[in-house]
Amino acid sequence: MPKRKSKRLVSPGRIALLAMIAIAVFVAGEGWLVMRSPRGQLAAARFLPWTDPARLTLLVGRELRKALDVAGIPADSVGSVDFGEGEPAGARVRLRAGLKPDASLIQANYAVTRSLAASGIDVLDGRERFGRRGEPQVVLTLGVSGRATHELALARVPVVVGADPVESSARLSVVVYGFGDDLDAAHAFFALPVPFAVAIPPGDKDSEALFRDARGAERELVLHLPLEPINYPQVNPGPGTILVSMKSAQISGLVRRYLEQAGPVAAVANHLGSLATQDMTVMSAVYRELHRERVPFLHMQPAAGAVCRPLASALGVSYEEPGAVLDYEAHSRPAVLDKRWTQLLALARVRGQLLVMVRATPLTRTWLPKALDVKHLKGISLVPLSALLRRPAI
């Protein structure tokens with residue numbers, strides 16, 4: 001009877017080798033996850049000087065928004081501005097954050113810089129100054145490893161002596177849209193001495209200049225996202241339109257690129273899109289990017305079969321619709337505009353707040369300053385768009 005061969009035992013050396021391979025795979029996996037996270041990418045940017053400046057700016061911007069939240073600075077007090085001539089240069093984005101009159105600049109500065117430091121972001125420079133209205137400010141230059149991406153002005157809003165202490169409970173916000181390719185008309189609107197936001201579409205040859213000029217005029221921005229309408233291309237939102245035939249990755253990439261081009265925005269609104277807003281695939285791809293950036297979706301004139309409202313709830317995107325859109329009236333006569341405006345002011349008092357979209361026309365350019373005059377509003381508070389829009393908590 002043949003003898004059984006004894007089973008070979010795995011040598012200790014092989015066990016050690018397998019253990020080392022398992023540990024190496026685990027460490028590599030954890031490292032990959034870390035490098036995929038925003039903080040991991042910021043840490044890598046310290047040692048990789050060729051990091052894409054636009055990507056670095058986006059990463060710092062995300063952490064800056066979190067830092068401002070931690071410091072208790074409301075989102076509706078933060079806006080993109082031009083600090084003016086003679087101010088520090090080199091940063092891609094310039095922001096102003098307004099504090100309450102009794103707030104401490106020192107405490108706000110400490111809270112913001114401490115939160116940023118925990119995220120791996122450096123305060124490259126800091127100094128005190130006084131703003132145009134005499135308000136004290138602290139200006140911080142932010143970036144990573146000497147590369148400036150943002151300049152933040154923390155400003156304490158001054159108390160206006162002699163101002164009417166009575167505040168209306170009704171709030172109103174106005175967004176002007178439809179500038180088309182008329183740069184002169186857009187600049188004329190930007191220069192009007194009344195507060196309102198502006199909606200600008202991306203993808204056009206003049207879009208970047210319009211975004212920059214609107215920020216320089218201290219206007220809140222809405223990204224007017226061109227979406228495919230029914231009867232396209234006979235009805236055409238313009239270049240860069242997102243089509244229902246596009247793949248999800250292509251749509252997400254376009255939305256991401258448009259958001260980076262625009263810089264900080266208060267919301268993203270649909271520019272046409274009667275077909276695309278009824279397409280679940282299209283809007284899911286759009287909403288994924290809005291959720292990533294915590295940007296609300298402002299739905300203008302929804303189509304009957306639009307999926308935007310229920311899908312926003314499912315994907316955690318803040319969704320709003322304007323209370324009114326002045327389109328036909330903007331091409332009519334001043335008397336028609338005035339009558340409709342009186343109705344909308346009454347509606348604002350009933351609802352407590354109202355968001356109105358106004359098409360840019362020669363008529364509305366001359367009409368808006370009178371319509372938004374404090375005396376004409378009769379107690380209704382004119383507020384930034386971001387004050388009326390809800391942002392998701394996460």
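In this predicted model, methionine 283 touches Leu227, Ala276, Thr277, Phe297, Val307, Cys308 and Leu311, when residues up to four places away in sequence are not counted and contact is taken to mean heavy atoms within 4.5 Å. Methionine 283 is also named, together with Phe196, Tyr287 and Trp341, among the residues with the most contacts inside the largest nonpolar core, which has 64 residues. A nonpolar core is here a set of buried Ala, Val, Leu, Ile, Met, Phe, Trp, Tyr and Cys residues joined through side-chain atoms within 4.5 Å, and buried means under 20% relative accessible area, as against over 50% for exposed and in between for partly exposed, with a 1.4 Å probe and protein chains only. A second, separate core of 21 residues includes Leu95, Leu99, Val138 and Leu152. In soluble globular proteins, nonpolar side chains tend to be buried together.

Residues are numbered from 1 along each chain as its sequence is written. Local features need pLDDT of at least 70 and side-chain atom pairs count only at pLDDT 80 or more, whereas totals for chains, interfaces and linings use all residues, and side-chain values use heavy atoms, with hydrogens and water left out.

Helix α4, which covers residues 105–118, has 14 residues and reaches 20 Å from its first C-alpha to its last, close to the 20 Å expected at 1.5 Å a residue; the expected span is 1.5 Å times one less than the number of residues. Helices (H or I, at least four residues) and strands (E, at least two) are DSSP runs, numbered from the N terminus. Within α4, Leu105, Ala108, Val112, Ser115 and Leu116 are buried. Seen down the axis of α4, these buried residues fall within an arc of 115°, so they line one face of the helix, the arc being that of the directions from the helix axis to the C-beta atoms. The face turned away from this buried side carries the exposed residues Ile106, Gln107, Tyr110, Arg114 and Ala118. The cover over the buried residues of α4 includes α3 (53–70), β2 (93–99), β4 (136–144) and β5 (147–156). Serine 115, with a relative accessible area of 16%, touches Ala67 and Val70, residues up to four places away in sequence not being counted; Ala67 is itself one of the buried residues of α3. Each of these two helices is followed by a glycine with positive phi: glycine 120 after α4, near 90°, and glycine 72 after α3, near 75°.

The loop between β8 and α7 (248–262) holds threonine 241, which is buried, with a relative accessible area of 6%. Leaving aside neighbours within four places in sequence, threonine 241 is in contact with Pro226, Leu227, Glu228, Tyr232, Asn236 and Met246. Proline 233 is found in the loop between β8 and α7 as well, and a cis peptide bond, with omega about 10°, joins tyrosine 232 and proline 233.

Positive phi values also occur in residues other than glycine. Glutamate 218, in the loop between α6 and β8, has a positive phi of about 60° and is partly exposed, with a relative accessible area of 44%. Arginine 294, in the loop between α8 (280–293) and β10 (297–298), has a phi near 55° and, at 23% relative accessibility, counts as partly exposed.
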